[in-house]
Amino acid sequence: MRPIHAIIVLVCFFQGFGQDLSDSYILELKEKYDNDSEVKCQIRIRIDIDGLTIPEKEVYVEFARDQKAVVRGKGLSLLPKRGTIEQFRNLLSTPMQAIFLSKKGSYRVYKLVALDPSSDWITADIVFDPEEKLIYESVVNTRKHGTFTTLNQYDGKDYPSRTEVTFEVKKFKLPLKFIGSEQTAETLSGMNDDVIGRVILEYTYL
Amino acid sequence: MKDLIYIELYKLFVSTRTYVTFGIAVALMLIINLGMYMEGQEIFDFLLESVNEYFYVEGKVLNGYLITYLALNTLWVHIPVLIVIVAASIFASEFELGTIRLLLTQPIRRGDLLGAKFLAMVVYNLAFMFITVVSALVPACLMFGTGDLVVFLDGIQFIQETSFPGRLAWSIGFATLSMIAFSCLGMIFSLYFKNTLTSILLSMGMLILSTLLQKFVFGVFSSWQPFLFSHHFSKWQLFFMDQVPVSSILGSAGFMMAMILVLGLFSYIKFKKMNITE
């Protein structure tokens with residue numbers, strides 16, 4: 001056997017092994033998040049990012065499978081693109097390889113590796129309860145926007161009652177001169193700093 | 001004194017120059033509204049690009065309040081130019097037409113005459129600012145509706161719609177004070193040079209110089225900031241910050257009142273000592 005053939009055989013073997021989602025915990029988790037079709041809720045959003053000031057907002061949101069979330073609220077509101085309840089459905093529906101890492105109390109810790117090169121995320125560490133099949137923590141590494149850490153709290157329901165999302169973000173850029181704002185030396189020097197963004201979502205389901 | 005004020009106001013409001021500046025201000029505001037109607041959404045999509053990477057932005061970013069706020073940025077140069085044209089002419093035109101000799105031979109005190117002209121200038125400033133704000137706010141709200149305000153100050157700030165009218169009223173009040181202070185510059189130049197055009201040019205030169213130095217924020221230039229009037233004039237924006245820095249605004253308001261007082265005092269001294277044949 002030529003070395004190239006041996007490499008192909010090995011790659012196919014590990015690839016096939018990796019894609020095998022026969023881990024029953026992950027399969028059950030995937031099944032649970034796949035079943036959630038439509039969720040309607042009120043979300044209280046608190047955003048804490050250096051360089052972005054926005055008052056606390058309450059919005060009505062409809063999450064539906066494969067559709068952009070429908071958001072209604074008074075005035076302007078910002079809903080994070082990652083960390084909401086639809087994040088895990090998207091995560092688990094991507095072709096991926098799941099690797100069991102450890103146990104954390106009664107929870108199980110897995111590393112997920114995306115196999116789809118076009119997916120938004122590369123790897124994700126998730127901590128979930130195998131009994132309730134609920135994800136409590138996740139650290140998702142994305143291709144473009146860095147790492148997102150999500151902490152979920154549940155209130156006896158299948159959806160989180162409170163989610164805290166933290167992520168690294170470039171300090172939001174100051175505007176061009178035509179806006180007419182005054183730029184000072186301090187603000188100019190701090191423009192490219194990375195800051196930690198923190199978003200807290202409190203859900204009330206309808 | 002009452003009659004003098006009435007006469008000065010009459011002269012102000014029959015002057016074509018006054019209505020030309022009002023007309024230009026209205027046209028300027030309408031052009032801003034039209035520009036925003038045509039290109040505004042694209043501009044704000046671009047400006048909020050970094051926010052859009054992380055968040056779904058829901059609601060109307062481009063609304064009447066935002067356009068009014070943007071229109072107020074004409075306070076940097078455009079509005080002072082228009083205001084000083086009339087402010088300088090209130091004083092200098094009397095010298096150019098030779099009517100000052102007639103006025104000063106009347107049994108009136110020079111202080112009263114200067115005071116009446118000063119009050120006419122203040123009334124003009126108030127009228128100008130009122131017309132400018134109304135012509136910015138009303139069409140913008142009719143065309144785009146109202147909504148929360150996105151302000152690009154110290155990062156990006158989202159200001160609640162309900163607090164906008166109060167903030168606007170305060171910022172307009174502050175801007176009017178700054179425009180009166182700037183008009184006083186036109187007044188003193190008019191009294192010294194007795195020519196409208198020279199006064200306008202000198203006032204504009206001072207504004208350009210002050211604005212230019214304000215932009216040199218590095219090194220030794222940064223220590224000049226508190227002495228530049230344009231630095232204090234620009235504080236109207238701070239009323240649109242989430243946490244309004246009251247002490248900074250009060251400091252600048254104090255600077256402008258001192259400027260009005262000092263320029264008024266020097267104008268009075270000059271006018272009082274002025275030879276009637278000058």
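## Chain A: burial and make-up

Of the 206 residues of chain A, 29% count as buried. The model is a predicted one. Chain A holds four helices and twelve strands. Take the contacts in chain A with a separation of 6 or more: residues 24 or more positions apart account for 41% of them.

## The ten-stranded sheet of chain A

Ten strands of chain A form an open sheet. Their order is β4-β3-β1-β12-β11-β10-β9-β8-β7-β6. The pairing is antiparallel. Two strands stand at the edges, β4 (70-73) and β6 (96-104) of chain A. Each has a single partner strand, so one side of each is left without a neighbour in the sheet. From one strand to the next, the twist averages 20°.

Two pairings can be followed residue by residue. Strand β1 (residues 38-48) of chain A pairs with strand β3 (residues 57-64) of chain A. The sense is antiparallel, and eight bridges join them. A:E38 has A:A64 in β3(A) as its bridge partner. β6(A) and β7(A) form a hairpin, with two residues between them. A:G105 sits in that turn and has a positive phi of about 65°.

A second sheet draws on chains A and B. Three strands form this open sheet, in the order β2(A)-β3(B)-β2(B). Its pairing is mixed. The edge strands are β2 (52-53) of chain A and β2 (149-151) of chain B. Each of these pairs on one side only.

Within chain B, β2(B) and strand β3 (residues 156-159) run antiparallel. Three bridges join them. B:V151 stands opposite B:Q157 in β3(B).

## Chain B: overall build

Chain B has eleven helices and three strands. Along the sequence the pattern reads α-α-α-β-α-α-α-α-β-β-α-α-α-α. The radius of gyration of chain B is 21 Å. The globule rule gives 19 Å for 278 residues, which is close, so chain B is as compact as a globular protein of that length.

The C-alpha trace of chain B spans about 70 × 45 × 25 Å along its principal axes. Of its 278 residues, 42% count as buried. Among contacts in chain B between residues at least 6 apart in sequence, 79% join residues at least 24 apart.

## Helices α2 and α5 of chain B

Two packed helices are described by the angle between their axes and the distance between the axes. In chain B, helix α2 (residues 16-47) and helix α5 (residues 78-97) have axes that come within 10 Å and cross at roughly 175°. That makes α2(B) roughly antiparallel to α5(B), because angles over 145 degrees fall in that class.

From α2(B), the contact is made by B:R17, B:T18, B:T21, B:I24, B:A25 and B:L28. From α5(B), it is made by B:H78, B:L82, B:I85, B:V86 and B:S89. By class, the contact of α2(B) with α5(B) has six nonpolar, four polar and one charged residues.

## Two buried residues of chain B

B:N63 lies in a loop of chain B, between β1 (55-58) and α4 (64-71). B:N63 has 26 C-beta neighbours inside 10 Å, so it counts as buried; the cut-off is 20 or more. Leaving aside neighbours within four places in sequence, B:N63 is in contact with B:F144, B:G145, B:T146 and B:G147. B:N63 and B:L149 are 86 residues apart in sequence, yet 7.8 Å apart in space, C-alpha to C-alpha.

B:A140 lies in helix α7 (residues 110-144) of chain B. B:A140 has 27 C-beta neighbours inside 10 Å and therefore counts as buried. Not counting residues up to four places away in sequence, B:A140 touches B:N33, B:G64, B:I67 and B:T68. B:A140 and B:L62 are 78 residues apart along the chain, and their C-alpha atoms are separated by 9.9 Å.

Key:
Residues numbered from 1 in each chain as written. Chains lettered and ligands numbered in written order. Predicted model: local features only at pLDDT ≥ 70, side-chain atom pairs only at ≥ 80, totals over all residues. Axes fitted to C-alpha atoms, helices over the stretch in contact; angles between N-to-C directions. Parallel < 35°, antiparallel > 145°, perpendicular 65-115°, else oblique. Contact = placed C-beta atoms within 7 Å. Nonpolar A, V, L, I, M, F, W, Y, C, P; charged D, E, K, R; others polar. Pairing = 2+ DSSP bridges. Rg over C-alpha atoms; globule rule 2.2 N^0.38 Å. Buried ≥ 20, exposed ≤ 12 C-beta atoms within 10 Å, placed from the backbone.
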